[in-house]
Amino acid sequence: VLTTVYRPMGDRECAHLLKHGVLPETQPYQTIVRGGAGRKYAEKYLRGTKWVDSQPTTIVEFVCERVLIDKLFAMQCKPEDGAISHGLGSKGGKGLPLFNASLHSGTSTFRLVLIKRTK
């Protein structure tokens, strides 16, 4: 069974993902958020209602096996303005190696779903 998670990210992180097919170990929390509520939450970063210093420009949708996402969220999760997030990074649940392994093996896939550019 598959499920979706979303991640807002800046240009540098997105470029790494597109080039290498995995997320870099550059963000301390590196949030992913689940399902439709997660996408809505992630889009707040591009629409200016949420702010982080990593300057997100892109929302990436990841399609993953539900068992992986359940495992990550069992390791760590927190409520985020109507959604539940998991931090892949060292200040979160530290699930980045598991998440990247699923991307590397092809059991998880990704696509860019929203890109913001200034004029």
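Lys44 is partly exposed, at a relative accessible area of 22%, where partly exposed lies between buried (under 20%) and exposed (over 50%), computed with a 1.4 Å probe and protein chains only. The model is predicted, so local features need pLDDT of at least 70 and side-chain atom pairs count only at pLDDT 80 or more, while totals for chains, interfaces and linings use all residues. Residues are numbered from 1 along each chain as its sequence is written, and side-chain values use heavy atoms, with hydrogens and water left out.

The side chain of Lys44 meets that of Asp81 in a salt bridge of 2.6 Å, N to O, a term that requires a side-chain nitrogen of Lys or Arg within 4 Å of a carboxyl oxygen of Asp or Glu. Because Lys44 lies in helix α2 and Asp81 in the loop between β4 (78-80) and β5, the pair ties together parts that are 37 residues apart in sequence; helices (H or I, at least four residues) and strands (E, at least two) are DSSP runs, numbered from the N terminus. Asp81 is partly exposed, at 48% relative accessibility.

## Other salt bridges

Arg39 and Glu43 form a salt bridge whose closest N and O atoms are 2.8 Å apart, and the two residues, four apart in helix α2 (residues 35-47), are separated by about one helical turn. Arg39 is partly exposed at 26%, whereas Glu43 is buried at 14%.

Glu80 pairs with Lys78 in a salt bridge, with the closest N and O atoms 3.6 Å apart; Glu80 is buried at 13%, and Lys78 is partly exposed at 36%.
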